[in-house]
Amino acid sequence: MGKITRALMKAAEERFEHLEKVSKIKEHDQFVIRKMKDSVIDARIIAYFDPKSIISEQYKSLMTNLLSGNKSRPEKVISITSSIHAEGKTITALNLAITMSRAIHKPKILLIDADLRKGKMTRYLGIKQETGLSEVLRGTANLKDVLFNIDIEQLTFMASGAVPPNPAELLASDAMKNLISEVRSMFDYVLIDTPPVIPVTDAVILGGMTEGTLMVVQAGRTQRGMVDRATELLNQAQTKIIGHVLTGIEYFVPEYIYRYL
Ligand SMILES: Nc1ncnc2c1ncn2[C@@H]1O[C@H](COP(=O)(O)OP(=O)(O)OP(=O)(O)O)[C@@H](O)[C@H]1O
Ligand SMILES: [Mg+2]
């Protein structure tokens, strides 16, 4: 287990203890605790368990920047990637999707696990869903059969499915383009989690098909040269990078300051 993972797990445990203390004060937090105890969802999906925490606030700022900013028309179909493996793409995509689905106007969100090589989203969500994107692209399943309704607001999830022999080819196919245009008309926003840019071409292919790409960068690990190289590859495919998300940052503001705002 890496240093960051340990720190995040510890933070989740501490948050749980903290919630137990405040539960005597707030009814809303008692609900959070009950869900935490028997939920199958990974504790790192903090936007789900603890929407008022400092970390959840960061996902809310990310959402605000994405959806409003100075934009007249925010991007509807967004892919999430990073330069190398394990920078926090999938955790970011999950927390962002949950945060967006809880936005005031309750938009319909689709979250797609497009990491056909080692998609881990079902594990993070604690669900068993074997068919997904891979099957739709190969024509062995229909779109409606792989849209999984998670019990969180209007959030729909599509798993990666079985690992195919030719992931990049499937993602570059017309079937993928058609799928994007179909889900674009069905949902308010579509978030697509992808593999890292440098080792495989999948994220570059998908970046060219989406309206914007969010680049996750892990602080203290990913070197500038890698981010530059990944950016160059994305730019070559006419991908529009709409923002960078820095993961692995420590905060020094005590939690209670945020909670009592
Ligand atoms: N904001 C964050 N701050 C610190 N650690 C994080 C953050 N987001 C994710 N992590 C940690 O980073 C690790 C990798 O997370 P995740 O699976 O989301 O990465 P990934 O980029 O999707 O990996 P892969 O390239 O294998 O798909 C996990 O252990 C997770 O706990
Ligand atoms: Mg991932």
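Predicted model: local features only at pLDDT ≥ 70, side-chain atom pairs only at ≥ 80, totals over all residues.
Student: What should I know before I start?

Tutor: Residues are numbered from 1 along each chain as its sequence is written, and chains are lettered from A and ligands numbered from 1 in the order in which they are written. Local features need pLDDT of at least 70, side-chain atom pairs count only at pLDDT 80 or more, totals for chains, interfaces and linings use all residues, and side-chain values use heavy atoms, with hydrogens and water left out.

Student: Which residue has a polar side-chain atom 2.7 Å from an oxygen atom of ligand 1?

Tutor: Let's look at the polar contacts, pairs of N or O atoms within 3.5 Å. An N or O atom in the side chain of Arg-44 is 3.0 Å from a ligand 1 oxygen, and Glu-87 uses a backbone N or O atom, also at 3.0 Å. The residue you want is Thr-90.

Student: How much of the accessible area of ligand 1 does the protein cover?

Tutor: Accessible area comes from the Shrake-Rupley method with a 1.4 Å probe. On its own, ligand 1 has 630 Å² of it. The protein covers 89%.

Student: How many residues does the largest nonpolar core have?

Tutor: A nonpolar core joins buried (under 20% relative accessible area, 1.4 Å probe, protein chains only) Ala, Val, Leu, Ile, Met, Phe, Trp, Tyr and Cys residues through side-chain atoms within 4.5 Å. Those with the most contacts inside the largest one include Ile-45, Leu-66 and Leu-96. Its size is 36 residues.

Student: Which element gives the most to this core?

Tutor: Helices here are DSSP runs (H or I, at least four residues), numbered from the N terminus. The top contributor gives seven residues, and its name is α5.

Key: Polar contact = N/O pair within 3.5 Å; in protein donor to acceptor, adjacent residues only side chain to side chain. Buried < 20%, exposed > 50% of the residue type's maximum accessible area, 1.4 Å probe, protein only. Helix = DSSP H or I, 4+ residues; strand = E, 2+ residues; numbered from the N terminus.
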